[in-house]
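Reader: I am new to this structure. Please walk me through a few of its features.

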Amino acid sequence: MHRQYLDMLSAIVIACSLMFVTVSNALAQPILEPWDRFEIVKVWCSGEREARIISFQSLLEDVVDADAPAQQWAANLIGEYRDGNFRCARDTVYIPNDEQFLDVITGDRFKAIPDDAEKPFLNIPLRRALAPFASAVQLVAAEAPEERLLAAQGLARTLGDVSPALIESIYRQEKDMQVAAALEDVLVPAWLKSGDTDAQLKAISTLASNYTRTSRAALDKFLDQKTENVSEAVRTAAESARSSVHWVVQLSEVMTVAYHGLSYGSVLFLAALGLAIIFGLMGVINLAQAEFVMLGAYATWFVQEALRALAPGLLEYYLFIAIPFAFLVPALVGAFMEWSIVRHLYSRPLLTLLATWAVSLLLINLVRVTVGTQNLSFFTPEYLKSGFTVFGEFSITWSRLLSIFFAGITLIGTLFVIYRTRFGLRMRATTQHRQMAGCVGVSTRRTDAMAFAFGSGLAGIAGLALSTIYNVNPTMGTSLIIDSFIVVVVGGVGSVLGTALAALGIGQLNAIIEPQYGAVASKVLVLLAVILFIQQKPNGLFPRKGRR
Amino acid sequence: MKRRSFIKGVGVAGLAMSAPGIILPAWSQEKVKLGCLFSSSGSMANVEGRLNYVVRMAAEELNRSGGVLGRQIEVVSTDPASDWPLYGQQARQLLEEEKVAAMFGCWTSASRKAVLPVVEQNDGLLYYPLHFEGEENSKNIVYMNSPPASSVLPALEYLMGDNGGKARRFFMLGSDYVWPRTINAQLKGYLQEKWDIKPDAWQEEYVPVGHSDFQSLVNQIKSFADESGEQPIVVLTVVGNSIPNFFQEYINQGITALDVPVLGLDVVEADLEGLDTESLVGHLNCWAYLQNAPGEANQRFLNAWSEYVKANNVPFRGDVAIDPMVSAYSSVYMWAQAAEKAGSFDVPEVRKAFPGTNFDCPSGYNIKLTAENNYVHRGVFIGSVNQNQGFDIVWQSPETTTPVPYSSYI
């Protein structure tokens, strides 16, 4: 009896203590404890890859039940880790923050960190494994819908080792429509695999609203597998979704090619326009034209550097602030070149060819010794980064769009100058009949000089537009000059519209041929087409009407 | 920029134009001449131009310590203007008119192939500082850098392994000339024989040298990556200014190293100048030297270079060093050592002295020549782009490797 009593008592004590342990485990917010924080960053800094991945996993599990400050801390931590901002010291990790360093464990700020603080190297497989965990932790922790959307989109790339059940439970509680839609994309593979007809139909309808190659591939894969547990309804839905996705993807691929043609055409147009005007008006073959493009790009860079030093707030808009400079600098150099060299050689066009070529070499080397040969570093404003998807696989990058925009503006501006200003009138008169224009009082010499400066300035605008898509260095122009000449010759000497059409046509032809036969063949075929065209229409698309 | 250096610059530019061949006249009989064949204009100028200065720097260092065989060195520079046949012509001029004891030059294999018959005819000596496709072993060329078996293949193996992300699909994009085509032929053989990978797992594309518009190619890479679930990579063998232009487009179209890593075989630190490397972190390259190489020899070299840049107003960055610079720099020392050992500047004598010459290279390895061939034994680095326009070392070989000039995979 006594014995039994004791046994019972001890059982109660054990049970109680067990209960206490579990309760205290549930109460503690493990990732808030400095010791746990230390453990986490230690593994992340120097653990094996598997250990790190296990640590991400357990952090995600802990975060789900943690309180808001702990969630916030974890989300920040894993985000900084992913972005490569860790500086691992012996007993903690520092993160650069406002020109100071933040100790992630204690939250203290420091002016400097120990010399042996190292940046951990994250290789590609680790970063691939990390990315979905980082997004998942941020999804759990974030409050604002925008942040949640960003995290959900991050997960849509791949779910990795994150458990679909967790995302599913978040998805069921999600109130924001956009975030929920993004989470549906994330859950598609899990739903397809589930074997549950409703889930599969939902997955297929999600895929059917995503006109991408990935969703086409997912549907193909789903249709290919020979599983009996797929019901007839699901199969039909998948097949019709596949055909509609396929159709839209193909259309978007055609649009992509057309857009590439347009954007390459706009580059060609920008580079060739100044040349067309100078060549058309004076018959001067200006081989230094490509270097004016380069000068325009350098002027843009100087404006950027000046803004960086004087008005950092305006740096975002340097591309627009630089427009007058990118026009004026080459225009002034062009005017000087016309006055000092070209003017004396009007009667000997072959010599202008040589002289302008010499000027082109001079300009290249001048820039090389003054600024250096390295590629210039351009600041990419936020609004120019990446781009947007129009539909399906047809996406547009902002920088290319900007160059198309500049081409359009330049075209309109040039047409306005030529057809609506007195300078344009004189220029047209001189182009049509130089002597006659001189007889009625047009100062042809001055018109020449101004037209030369104008054409040079236009090349500068091209340099500005190109600085966002190509690299800027002293020799950047040399690859453009031949293409520009082809455009001018095809377009018809001196014709602005002809230049635009020729640039578009050649750009389009390039864009169509290149994916099929490669870049080398496309150069050959385009040149062949140009030769055949010139043979049929030696004066180009829009031959000059005036008498020579 | 000070006015004097500006004037000097204009003067140099003018001189370069008036005599696009040899710049400096022969004016000193006691000096021994070395020739440089690196372009300072054209598509290769940004990377090749640096090598002229680094050869001069090595020569100055040797001169300060008494020269070679008691004679001071004079470096004769040329500008072949990234025009392959011009390299051959100017090599001939250097050998026949300037009577240089050795030449240091060429970046692309196309330019080396142009110089090859010239040095063989005149029994000259060319030190070639680039890693390349191999398949060549001339007694008149010292190959300072590695053939594919000790650079490209280890890097590919890394990318296909566990730590590199198990790449199984390959988009090979190169400039259209001998190096990319031979490299890709070897890669295809290697993939088929060693990994049993089928031809539908790769796509091969070439662009003209100097090509700058990569939008449709990057778009092709995107659709190539979407075709199958297996991990794709890009093996990039474009050269010169095509490299930054390619990466610019890669950034603009929003592809990251997590989606499709790029193994850039000709990508050096200098190509990243001016790019937003934040979006490029994780792309890889492989060389026999990276600027982050550990060791004192590297620190010494980097300090010397940045001081040289400051003192001589060199139009390149003093804080960027690339493999071919180190290879060209080392080659001057390798030549000096062979000449000292031979006790003569005559090419046949110097050549006889090659086996056993070695140099503590800034890469941290003791590089050497053996009697077997004219390939220098180098170490291997695999680098990964970091945020600071440089490369982190992800792997490096424990020892120098024995070069295998002729690949068994062709």
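This is a predicted model: local features need pLDDT of at least 70, side-chain atom pairs count only at pLDDT 80 or more; totals for chains, interfaces and linings use all residues.

Reader: Which loop holds B:Cys106?
Author: B:Cys106 lies between strand 3 (102–105) and helix 4 (109–122) of chain B. Here too phi is positive, about 75 degrees, and the residue is not a glycine.

Reader: How many other C-beta atoms lie within 10 Å of B:Cys106?
Author: There are 31, so B:Cys106 is buried. Across chain B, 57% of the 410 residues count as buried.

Reader: How do I read a pair of packed helices?
Author: Two packed helices are described by the angle between their axes and the distance between the axes. Take helix 2 (residues 45–64) and helix 10 (residues 323–342) of chain B: the angle is about 35 degrees, and the axes are 9 Å apart. The crossing of these two helices is right-handed.

Reader: Which residues make the contact between helix 2 and helix 10 of chain B?
Author: From helix 2 of chain B they include B:Arg50, B:Leu51 and B:Val54. From helix 10 of chain B, B:Tyr329 and B:Val332 are among them. By class, the contact has 14 nonpolar residues, no polar ones and 1 charged.

Reader: What does chain B look like as a whole?
Author: Start with its elements: chain B has 11 helices and 14 strands. The radius of gyration is 21 Å, close to the 22 Å that the globule rule gives for 410 residues, so chain B is as compact as a globular protein of that length. Its C-alpha trace spans about 65 × 50 × 40 Å along the principal axes. Now take contacts between residues at least 6 apart in sequence: 71% of those in chain B join residues at least 24 apart.

Reader: How many residues does each chain bring to the contact between A and B?
Author: Chain A brings 49 residues and chain B brings 55. Helix 15 of chain A gives the largest share of chain A's side, 9 residues. That side has 20 nonpolar, 22 polar and 7 charged residues.

Reader: What is the average pLDDT of chain A?
Author: The average is 87, and 92% of the residues score at least 70. Residues 18–30 of chain A fall below 50. Beyond near neighbours in sequence, this stretch has 5 contacts in the model.

Technical notes
Residues are numbered from 1 along each chain as its sequence is written. Chains are lettered from A and ligands numbered from 1 in the order in which they are written. Two residues are in contact if their C-beta atoms, placed from the backbone, lie within 7 Å. Helices (H or I, at least four residues) and strands (E, at least two) are DSSP runs, numbered from the N terminus. Ala, Val, Leu, Ile, Met, Phe, Trp, Tyr, Cys and Pro count as nonpolar, Asp, Glu, Lys and Arg as charged, and the others, Gly among them, as polar. The radius of gyration is taken over C-alpha atoms; the globule rule is 2.2 Å times the number of residues to the power 0.38. A residue is buried if 20 or more other C-beta atoms lie within 10 Å of its own, exposed if 12 or fewer, and partly exposed in between; C-beta atoms are placed from the backbone. pLDDT is the predictor's confidence in each residue, from 0 to 100. Axes are lines fitted to C-alpha atoms, for helices over the stretch in contact, and angles run from 0 to 180 degrees between N-to-C directions. A crossing is left-handed if the near helix is turned anticlockwise from the far one by less than a right angle, and right-handed if clockwise.
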